[in-house]
Amino acid sequence: VEASIPEPQRQAWLKHQITGFEDKDDFEKQVVRHVETTLARSMFNCDETAAYAATSLAFRDRLVIEWNRTQQRQTFADSKRVYYLSLEFLMGRALDNAMLNIGLKDVAQSGLSDLGFRVEDIIQQEHDAALGNGGLGRLAACFLDSLASLNYPAWGYGLRYRYGIFKQEIIDGYQVEVPDYWLDFNPWEFPRHDVTVDIQFYGSVNKTTDDTGKITAHWEGGDTVRAVAYDVPIPGFATPSTNNLRLWSSKAASGEFDFQKFNNGDYESSVGDQQRAETISAVLYPNDNLDRGKELRLKQQYFWVAASLYDIVRRFKKTKRAWREFPDQVAIQLNDTHPTLAIVELQRILIDLEGLDWDDAWSIVQKTFGYTNHTVLPEALEKWSVGLFQHLLPRHLQIIYDINMYFLQFVERSFPQDRDMLRRVSIIEESQPKMVRMAYLAIVGSHKVNGVAELHSDLIRTTIFKDFVAIYGPDKFVNVTNGITPRRWLHQANPGLSDLIASKAGGSEHFLKDLTLLNKIELSVDDPAFRKEWAAIKLANKTRLADYIKATTGVEVSPKALFDVQVKRIHEYKRQQMNIFGVIHRYLTLKAQTPAERKKAQPRVNIFGGKAAPGYWMAKQIIHLINSVGAVVNNDPDIGDALKVIFLEDYNVSKAEMIIPASDLSEHISTAGTEASGTSNMKFVLNGGLIIGTCDGANIEITREIGEENIFLFGNLAEDVDDLRHNHTYGGDHKVDASLQKVFAAIESGTFGSAQDFSGMITAVRDHGDFYLVSDDFHSYLETQDLVDKVYADQETWVTKCITSVARMGFFSSDRCINEYAEEIWNIEPLKPESAAGISKGE
Ligand code: GLG
């Protein structure tokens, strides 16, 4: 590769090695230069928006230099790369992250202060990159941070949605969705108008036979849409490695518009073609853990997968290696089933376009892919109708049929005569209409399938994918417990705590790269000075949130109260309804008390946040009830500071960074067996808050790590859920707990506004089988909340629990998680900058 660089360019590259700013003076010069030239504004009227833009551009310059070097290094080293395919990357803000990962935030801070700005205000100017719904999308973002920080040669591939997840407004207690147009000014992306791929849809398949009798399929006709690459640099922490996130944007393949139509006077329809093409990458589907089966969504999936694979294959072909070496050079991870078509597309490229035999091709495909499952909820498991496939991707449907045929033949050899097994595991579900089961296709086309926490991985092995374990053996199914990046979720979100920990754990560059060093702080658990600082940091974080609550909702809350937080997507399985029923119970209890008794109660602020999918009626009802309860409780003079109920509008990544460090207690209370992992549970504990939770997802491993004396667990176990549900329906005596009855009575008597508005939530529990076991767990939930009050009253004990828990959270770094993927699934090694330094200097 090196030899192919023309000599004059090589010389210029060596002679003019450009560098970014290094010190404050340099930084200021760069900012002023960007304001005056790039932004074409005068430094005399530089507002915070312009200061944000120029600061970002100054940091971007530095990033881009390292990014180019990293790409060169990877090309020269020619080692295996991993490609992370995800329909969602919930990145949040980039500037603060870039400053901290590069390690020059202090320089920016004093430079900006010289120019008359506060760095915190400048950071706040940035719009979140909100290209995801919840945990799955944020996990992808944490993984990118770890991949770069650990120097893995890795790319992310996704879609460049013009509209990210909608913005949530609360109007009269109801959620209202507002479009999130975030691309007005985005200094963090580079359009690559020269990196395009034309993607085909619809059309038909013709088969030809050559002299040797070999049949080749040709996918012809149909529509073409152009994919344009937009690249986003991903900085590693305390390493020059800077990886690439490539997002595809759609546009019409024929340029501006169809000139033929234009010349025929059909201007409108030529513009229409353009708009139809752009629609593909226009908007993120706002559903979390729900598959709606819309044609446009399948189009998004194929568009993104086909463009990404074209790119990956093009990069591989440059190395001139034999096809069988493809899996030694390329690992592709499927984030959920959304990119499963990549399996079919690679098989198509290999057999239709590259002329490989089916078996050779298929063996390459299986070695290349790994599939991560994120949920066992049936409504989230993707299925597409055969008819839709036939129409949109006719050649892919044929290949899926062939994959299925060979797979079923293979199954039949091990399970002769087991017709029911064949029916159960078939990639094609024999329903009306017939459906393609994407998870099954993903399993069959991958060499490893992983769940995201131990319980979840056990559940997929014993329930939804049980037959596949019997077919392939247990080794194909592995667990990789999720993790979070401590750079964003401690260092960036909670600088006070991060510094305090760093002072005991060998400095930030060390413990933020090896989170197990957190255990060093356990030695200081009894050190009064350390404890005092610890408590002061928590109080400062709570005060900051209290100020924000006052500014956004008008409600005054005391930072001394216990902050009890549940922030996540609103979903019945996550049971925000149980939380708010518990809050109502607390309110009724307080109301029944004398003023003297009330004075003794532990003051609480119950904070909620989260979006409901626009079409999820029950979730919207839950939001409405929370807001209605808040309106009553917060204005009840009997109650005062004893209880406040807050709904924070538009929960997103940047708000999480403020809310999480301010929590005393956070709620992770899903029905056992429904939350695959959860990742905010990890963030809350890492930031010195305790958890009330069920034995579900990663709560179980958090308990194992921090000790059961440091977590408030309650509720039924996953193994008992089926029987309990069965009892609700067929037991005939489904009894609702007496305290829950009182809560229902209060709602139904109109205490929180029109009872009718909330009848769905009540009947779901009382009359419709209580699928999420709210009534079964309610009693133990209330008892455990009482225990929380008691423990909190003893602040010394509480602080000890918090410090001990943080000390034991090292396991939950996404670095640990990524290293496990690298070793067990990808078979890939880091590429350290030092080892390749000679090459990048051109020596
Ligand atoms: C899923 C699950 C979460 C999980 C996350 C990341 O619901 O439990 O933590 O992925 O694996 N759809 C999701 O957010």
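A salt bridge here is a side-chain nitrogen of Lys or Arg within 4 Å of a carboxyl oxygen of Asp or Glu. Glu454 and Arg704 form one, with their closest N and O atoms 3.1 Å apart. This is a predicted model: local features need pLDDT of at least 70, side-chain atom pairs count only at pLDDT 80 or more, and totals for chains, interfaces and linings use all residues. Residues are numbered from 1 along each chain as its sequence is written, and side-chain values use heavy atoms, with hydrogens and water left out.

**Layout**
- An automatic or database assignment sets the domain bounds.
- The domains are domain 1 (1-79 + 94-127), domain 2 (80-93 + 128-479) and domain 3 (504-815).
- Between domain 2 and domain 3, the C-alpha centres are 36 Å apart.
- Domain 2 and domain 3 each put 44 residues into the contact (heavy atoms within 4.5 Å).

**Buried area**
- Domain 2 and domain 3 bury about 3,300 Å² between them (accessible area, 1.4 Å probe, lost on being put together, summed over both).
- Carbon and sulfur atoms carry 55% of that area.
- Gln168, Phe237 and Leu455 supply 17% of what domain 2 buries against domain 3, more than any other three residues.

**Charged pairs and the domain 2 face**
- There are 3 salt bridges between domain 2 and domain 3.
- Elements giving two or more residues to the domain 2 side that touches domain 3 include α7 (135-149) and α18 (454-462) (helices are DSSP runs of H or I, at least four residues, numbered from the N terminus).
- The largest share of that side, 7 residues, comes from α7.

Key:
Buried area is the accessible area (1.4 Å probe) that two parts lose on being put together, summed over both.
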